[in-house]
Amino acid sequence: MKELKTSAEVGGMGHSVKRKEDARFIRGKGNYTDDVVLPGMLHMDIVRSPYAYAKIKSINTDKAMAIPGVHAVITGEVLKGYNLHWMPTLMSDTQMVLPTDTVMYQAQEVAAVIADDRYIAADGVEAVEVEYEPMKAVVDPFKAMEKDAPILRTDKEGKTDNHIWHWETGDAEKTEQVFKNADVVVEEKVYLPRIHVCSIETCGCVASFDPAEGKLTVWMTTQAPHAIRTVFALVAGHVGLSEEKIRIISPDIGGGFGGKVPIYPGYVIAVAASVVIGKPVKWVEDRSENLQADSFARDYHMTVEMAASKEGKMEALRIKTIADHGYTDAAANPSKYPAGMFSICTGSYDIKTAFTEMDAYYTNKPPGGVAYRCSFRVTEAVHAIERIVDVLAKKLGRDPAELRLQNFIQPDEFPYKSALGWEYDSGDYPRALKLAMDKIGYEDLRKEQLIKRSKGELMGIGICSFTEIVGAGPSKDFDILGIKMFDSCEVRIHPTGKAIARFGTKSQGQGHETTYAQILAEELGIPYTDIQIEEGDTDTAPYGLGTYASRSTPTAGAAAAKAAHKIREKSKKIAAHLLEVSEEDLEWEVGKFSVKGSPEQSKTIQEIAFAAYTNHPQGLEAGLEATHYYDPPNLTFPFGSYICVVDIDPKTYAIKIRRFIAIDDCGNIINPMIVEGQIHGGLTQGLAPALFEELIYDEDGNILNGSLMDYLVPTAVETPNWETDQTVTPSPHHPLGAKGVAESPTVGAPPAIANAVIDALSHLGVESMGIPITPFKVWQVLKDKGLAA
Amino acid sequence: MSKHTVTIEINGSSFTREVDSRLLLVHFIREDLQMTGTHIGCDTTHCGACTVLMDGRSIKSCTLFTIQANGKSLTTIEGLESGGKLHPLQEGFHEEHGLQCGFCTPGMIMRAVELLGKNPNPTEDEIRTGISGNLCRCTGYVNIVKSVQYAAEKMKAEVA
């Protein structure tokens, strides 16, 4: 850890100060969307399709409308009257708000009932009569690509198949050449199943249209309030909602993880209902609706191949992927990257040649493909490379740690240009892996494993040495619906030396109210406790693209540093005026400008702030404020090495994580306590898909585990006591040397755990297992080999 | 819909209201009484965000009708702080970074109140088992365990 620049009272970077936002949360005084109550507010509940694919023959709302307290039933036909029955997705695909003729997945929104309270609204939902004509659903993307498969998106004129897009990058020909001439080629099929973010707060909104002012205010569970405002203006401009009349407020958010980036039909219907009825309308979905209908993550079928020399030098990587996007591509990737940052798949290794291609298909499943706690498909990419490295090690009879160390990009090779075109900013991969090996006692564990195997006991060790790509992103390549992916900070220093700062991002538990204040404290010397942080209100905060893909620190955090530098520039002029010296004679140290060689002559930032309002130099504007929109020059590349040790019960096949050590390197750290907390949480969200979670559908498109009854979110009992440590390799291009951290563990944990379980069974001839690896699957694979009853 | 008159004590104050027989206790607390610290995170009694104490026992208020709480005494997260002093568990969650988004926190704390009431010296395993009816998606539970341990130590010191 580098030396701290500020005192504990100032609380700049590197201090584990306690979180400012805790004060309200521990008292039950948070303000989440469902806590918002407005006078005359009505409640909305949604009628959902029981079928994955069906024609709607009729919708009869008479009985629902007859229930006292029901105000309206909104159908696709009602919205069609306003041309609001379809909306764009963030990937420029289209999605029904409410259907007029066909439903495309089970639990799709069919109609909405608006009533006096949530119970009457639910009664109304029961009373809406919908007549369906079920059709044969296409659930499997491999069936969707067959020539005689029914064409699902008949709404798209001229569509003759279920193909959405093809994407490829790298050199196919050269890669083929290397594979042809290679000593060793290995292949692994890797399927990352469909999973759900399952934030403990579900999605919802309170839409309030003021007919007198023509102004719409929406409190909603969104990670990207500004982008939502612009999309609403683009979609509903024709019915009179222009952007200055739309205010999106993202209040406290009970976890986001990427699931609160998309615009769900429920939000739009609630807005339409409020506009039509002229009263506030609240919609908050149930957990089961959330799991069944809101955006899924992953669902990538990957075929991964690696070519290597017999000495173990990795020479080429090739990955072919089939992506199942459900009924529409409702991912939230930057426009130019339909597969997100998947091309980080060469990972931490110096692989000179690579090619990857992907085809996306429509199926009768909910839409999505959101970046669940990862920077757009990085989780899928890291799983692919970290599995194939283990497969190669097995094939060559090499230790997986040793093979990784042999092939790492070396510290002196940065900035490193990867075969698929990224410029990695900085890294020291051997240091991170060696630290993990030392901490866990790797050599001793391998010896123990040999002894255990001789006794018939099952123990495995799994490694993952990942490299992430986060902080989207540079405006030349990164936009969502055309809006560039900068982010922003506006700082105002008050006359008494206190401050308020507003940002275009939105915390969902990451602790921005504390960490952003620490960045400003570092750069201005104003104590972090004197700096108020605000986000999430589009009427007051500067424009930004929001919080996801680990972009807050790389973009808005950098904007805070840059805005602080602008404050310092002006402060210098004021200090020169107050001290009656020229600006060149002044130097900055934390919290004050002093005269070079005469440090007793100085003015603190607080004195300067007071002067900015009471005694500003003639010719200089009064006040002390700055705004910065930060356009990053490059992405940042956090990395780390994780090692997992598992023991498998030889009778029940229960998998127990004995130890898990996570070494993370996210560059310079703002608040070590918060970073560690983010890693704990991310590791648990990596454990979940590795061992427990998967959204399962039957062949008719019925979801088989659409509630917490059987979608297995880990509790404190299943979750191990994570061990963490770090190395620090600053980003050379970020103003604070920081990289972003919160998604590394979600990305890195699943392959470490999968590799450990497979390693525990590898001496029995088990080479591969798909996640989630359950005791049942372990039993199955051993039974197939005649090793279990 | 039949109506019933209920009298329920919450955080030391008595409330008499006429309620529908089907009104869930969590909605009574959140909507009729506007105490929104108690949250709703699921519809199957799994997440525990709605946990409150009823006559000293932690219950999931989404799974009780309001009329079942008639004549009972409830404590919610809003009732823990006394005389401007935080409960040791509230303090522990802040000191040990036992919360991130804060949504599961009130339920988690209320569950832990009963846990420490019954077992002032829990082992790590006992804490983990004790809070396994409450889901947290942010923290990975490590710091929640530490928060409960912090409170246990503090409560022992206060008694001594």
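How many residues lie between strand 3 and strand 4 of chain B in their hairpin? Two residues do. The model is predicted: local features need pLDDT of at least 70, side-chain atom pairs count only at pLDDT 80 or more, and totals for chains, interfaces and linings use all residues. Residues are numbered from 1 along each chain as its sequence is written, while chains are lettered from A and ligands numbered from 1 in the order in which they are written.

View 1. Strand 3 (residues 51–54) and strand 4 (residues 57–60) of chain B pair in the antiparallel sense over four bridges. Strands, like helices, are DSSP runs numbered from the N terminus (helices: H or I, at least four residues; strands: E, at least two). Two strands pair if DSSP finds at least two bridges between them. Val52(B) has Ile59(B) in strand 4 of chain B as its bridge partner. In the turn, Asp55(B) has a positive phi of about 50 degrees. Strand 3 of chain B also runs antiparallel to strand 5 (residues 73–75) of chain B, joined by two bridges. Here Met54(B) stands opposite Leu74(B).

**View 2. A four-stranded sheet in chain A.** The sheet is open and mixed, with strand order 26-25-24-30. Strand 26 (531–535) and strand 30 (625–630) of chain A are the edges, each pairing on one side only. From one strand to the next, the twist averages 15 degrees. Strand 24 (residues 487–493) and strand 30 of chain A run antiparallel, joined by six bridges. Asp487(A) stands opposite Tyr630(A) in strand 30 of chain A.

**View 3. The helix on the sheet.** Helix 14 (residues 512–524) of chain A packs on the sheet and touches strands 24, 25 (499–503) and 26 of chain A. Contact means C-beta atoms, placed from the backbone, within 7 Å. The direction of helix 14 makes about 130 degrees with that of strand 26 of chain A. Axes are lines fitted to C-alpha atoms, for helices over the stretch in contact; angles run from 0 to 180 degrees between N-to-C directions.

**View 4. Around Ala560(A).** Ala560(A) touches Cys489(A), Ala501(A), Tyr516(A), Ile519(A) and Leu520(A), not counting residues up to four places away in sequence.

**View 5. Where chain B meets chain A.** The contact takes 43 residues from chain B and 42 residues from chain A. On the side of chain B, the elements giving two or more residues are helix 2 (88–95), helix 3 (105–118), helix 4 (124–130) and helix 5 (142–159).

How values were computed
Two residues are in contact if their C-beta atoms, placed from the backbone, lie within 7 Å.
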